[in-house]
Amino acid sequence: MSDAHPERQRRLLYGRRKGPKLRGRQAELLETLLPQLTLQIEKDRDPRGYFSAPVSEVWLEVGFGAGEHLHALAQAHPDVGLIGAEPFINGVAKLLSKLAPDEGGNIRLHVGDARDIIEALPDKSLGRVMILFPDPWPKTRHHKRRFIQSAMLDALARVMKPGAELRFATDDPGYLVWALERLVAHPQFAWTAQRADDWRNRPADWPQTRYEAKAIKGVPSYFSFVRI
Ligand SMILES: C[S@@+](CC[C@H](N)C(=O)[O-])C[C@H]1O[C@@H](n2cnc3c(N)ncnc32)[C@H](O)[C@@H]1O
């Protein structure tokens, strides 16, 4: 398996950070609401301490896009703290524009690379990690840009509690094989699927993402692994 060298991958963040210039309410929310929800990352801090609302556990969504999924989970699980990482500022603005004034207590955001958060978290501190439709980087020379790498799975295994769930979805057949090869081979993750329908159908408690609703290119698959 030709994974990226961890040091090299850590230094680089690929993909768009900015889209069309934001105006009006979205620009205003970036000035006013984003600073309130932005996570000030502290090395080894228990992530429950980042939230203004009391939370029993913390989940991380990597690359939340426009935030539909993150928002739906935050509403469905008010007792859970949701950390979302997304470098694309226009997506962050879309999420902010969805939040009602009384929402946000159980949401914290990092406008940047999810790896910054993962590296800073203490061991066994996350109850769930979600990586939904990550950029597929289909060209062989770009495979090192894929978020799921063996070293990343080691890092996730460190910060996830035993029994914590790792959710992964993709519509890219190449990324599917790449990720499954690494996940199945990893000694600290176990695949929960019993039958094909378990990865063909999105579970009822797994809200649809914007990419899945609007930009999907292939057949989606949904994977749930448990941190052993
Ligand atoms: C194809 S989009 C999918 C977005 C969303 N999950 C959905 O399904 O609608 C992939 C997203 O991952 C984000 N991304 C890429 N690398 C990332 C990283 N290292 N940390 C956090 N987000 C990342 C991109 O900016 C992009 O918004």
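This is a predicted model: local features need pLDDT of at least 70, side-chain atom pairs count only at pLDDT 80 or more; totals for chains, interfaces and linings use all residues.
**Entry 1: K124**

I began with K124, which counts as partly exposed because it has 14 C-beta neighbours inside 10 Å. For my own reference, buried means 20 or more other C-beta atoms within 10 Å of a residue's own, exposed means 12 or fewer, and partly exposed falls in between, with C-beta atoms placed from the backbone. I found K124 in the loop between α5 and β4. Its phi is positive, about 50°, although K124 is not a glycine.

Residues are numbered from 1 along each chain as its sequence is written.

**Entry 2: W137**

Next I looked up W137, in the loop between β4 and α6. W137 also is not a glycine, and it has a positive phi of about 40°. Buried or exposed, or in between, is W137? It is partly exposed, with 19 other C-beta atoms within 10 Å.

**Entry 3: the sheet**

I traced an open sheet of seven strands, in the order β3-β2-β1-β4-β5-β7-β6, with mixed pairing. My labels follow DSSP runs numbered from the N terminus: helices are H or I of at least four residues, and strands are E of at least two. Two strands pair if DSSP finds at least two bridges between them.

Which strands stand at the edges? They are β3 (107-110) and β6 (189-191), and each has a single partner strand, so one side of each is left without a neighbour in the sheet. Neighbouring strands of this sheet are turned by 20° against each other on average, direction ignored.

I then followed the pairing. β1 and β2 run in the parallel sense over six bridges, and L60 has I83 in β2 as its bridge partner. β2 (residues 80-85) and β3 also pair in the parallel sense, over four bridges. There, L82 has I107 in β3 as its bridge partner.

I checked burial too. Five of the six residues of β1 are buried, so I noted this strand as mostly covered. In β3, I107 and L109 point one way and R108 and H110 the other, and all are buried.

**Entry 4: helices on the sheet**

I saw that helix α6 (residues 150-159) lies across β4 (126-132), β5 (160-170), β6 and β7 (221-227), and runs at about 140° to β5. Helix α7 (residues 173-185) lies across β5, β6 and β7, at about 165° to β5. Axes here are lines fitted to C-alpha atoms, for helices over the stretch in contact, and angles run from 0 to 180 degrees between N-to-C directions. Contact means that the C-beta atoms of two residues, placed from the backbone, lie within 7 Å.

In α7 I picked out V177. V177 is exposed, with 11 other C-beta atoms within 10 Å. I also took its distance to I131, 46 residues apart along the chain: their C-alpha atoms are separated by 15 Å.

In helix α3 (residues 68-76), I found H69, L70, H71, L73 and A74 buried. What covers them includes β1 (57-62), β2, α4, β3 and β4.

**Entry 5: α2 against α4**

The axes of α2 (residues 24-37) and α4 (residues 89-98) come within 9 Å and cross at roughly 85°. That makes α2 roughly perpendicular to α4, a label for angles of 65 to 115 degrees. On the α2 side I listed R25, Q26, L29, L30, L33 and L34, which meet V92, A93, L96 and S97 in α4. By class, this contact has seven nonpolar, two polar and one charged residues. In this scheme Ala, Val, Leu, Ile, Met, Phe, Trp, Tyr, Cys and Pro are nonpolar, Asp, Glu, Lys and Arg are charged, and the others, Gly among them, are polar.

**Entry 6: around the ligand**

How many residues surround the ligand? I have 23, and the closest are G63, G65, A114, T209 and Y211. A residue is near a molecule if its C-beta atom, placed from the backbone, lies within 6 Å of it. The elements giving two or more residues to this shell are α5 (114-120) and α9 (210-214). The largest share, three residues, comes from α9. The shell divides into twelve nonpolar, five polar and six charged residues.

Technical notes:
Angles under 35 degrees count as roughly parallel, over 145 as roughly antiparallel, 65 to 115 as roughly perpendicular and the rest as oblique.
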